[in-house]
Amino acid sequence: MSEFFEMGGYARYVWPAWGIVFACIVLNIYLARRALDRARFEARKRVAMKAVDAQLKGEAAT
Amino acid sequence: MAWTWFHRLGSPPYVYSLAARLTPWFAWPAAALILYGSYLGLAIAPEDYQQGDSYRIMYVHVPSAWMSLMVYTTMAIAAAVGLIWRMKVAHAVAASCAALGATFTFCTLVTGSIWGAPTWGTYWEWDPRLTFQLVLLFQFLGYSALRAAIEDPQRADRVTAVLAVVGVVNVPIIHYSVEWWNSLHQTASVMKLGKPSMPPEMLVPLLVMALGFTFLFAALLLTRLRAEILSRERAASWIRDVVNA
């Protein structure tokens, strides 16, 4: 097992390279989901504001 | 009609729900392929007779590099479709590509640099392949910066689309750079005419990783596209049904 992690003496090159790529993958997944969550939140807010606006207008008319 | 699929792809609500339905079909295979490819590449593939185990960097470097070019090409095609047919969804696709492309390009440069240390004896050289790949990173970053600098969204779409389409010239330059100039970087082993110059035990893990990265890109692009569509469709009434669902 330790032989596997030593990578034939190239451990200090192989593992950082793989680590950076996997970190980028995880970061990309996180950022994409956060973008969608934020867009959903903003859209929900806009929809709610519009509903309130419509209600206020209706009350003002009566 | 044969063209109805194309017209449907111009409809934001249709694309939004299609993207939502398709995402898991790309995300889970991507996870499985990348994990299996990593196992094959790190533990099963034989060591290289010349480079020893250092060549295993290839299994993340080469898929990242292919993806950087594929993402740019996708972005340029989407931008062109947006310009020609004035398709809002196409511009949203192009906008969703930039950040993903920048990270794949960054990964290519960093892993290549790390690989260069033991094999070339240097982390960086102003070699054509390396230099044009660095230019590609600046193209992705420049695209995002330009988009952020223009307030009117429709104008931002058009201006960045022109930049993306013009910049696609760098894609063949990067691919053929190792043939056109005397390069420190090796020439193509897989993406060339004829048989790949690699034994199957080394090639299969690479192809598994590359397929995994492609699926990952698709899943990330669809997720970002949904976010992009939601924030663009300000007045549309279908948004209400989507966010309250």
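How many residues of chain A are in contact with residues of chain B? The views below come from a predicted model, in which local features need pLDDT of at least 70, side-chain atom pairs count only at pLDDT 80 or more, and totals for chains, interfaces and linings use all residues. Residues are numbered from 1 along each chain as its sequence is written, and chains are lettered from A in the order in which they are written.

**View 1. Where chain A meets chain B.** In chain A, 27 residues are in contact with 32 residues of chain B (contact: C-beta atoms, placed from the backbone, within 7 Å). Helix H2 (residues 11-61) of chain A gives the most to this side, with 23 residues (helices are DSSP runs of H or I, at least four residues, numbered from the N terminus). The side of chain A that touches chain B holds 20 nonpolar, 2 polar and 5 charged residues (nonpolar: Ala, Val, Leu, Ile, Met, Phe, Trp, Tyr, Cys and Pro; charged: Asp, Glu, Lys and Arg; polar: the others, Gly among them).

**View 2. The largest nonpolar core.** This core has 76 residues, and A:Ala17 and B:Cys97 are among those that touch the most other members (core: buried Ala, Val, Leu, Ile, Met, Phe, Trp, Tyr and Cys residues joined through C-beta atoms within 7 Å; buried: 20 or more other C-beta atoms within 10 Å of the residue's own, placed from the backbone). H8(B) supplies the largest share, 17 residues.

**View 3. Around B:Cys97.** Leaving aside residues up to four places away in sequence, B:Cys97 touches B:Val71, B:Thr74, B:Met75, B:Ala78 and B:Leu221.

**View 4. Chain A.** Chain A has 2 helices and 0 strands. Its C-alpha trace spans about 80 × 15 × 10 Å along its principal axes.

Terms used
Two residues are in contact if their C-beta atoms, placed from the backbone, lie within 7 Å. A residue is buried if 20 or more other C-beta atoms lie within 10 Å of its own, exposed if 12 or fewer, and partly exposed in between; C-beta atoms are placed from the backbone.
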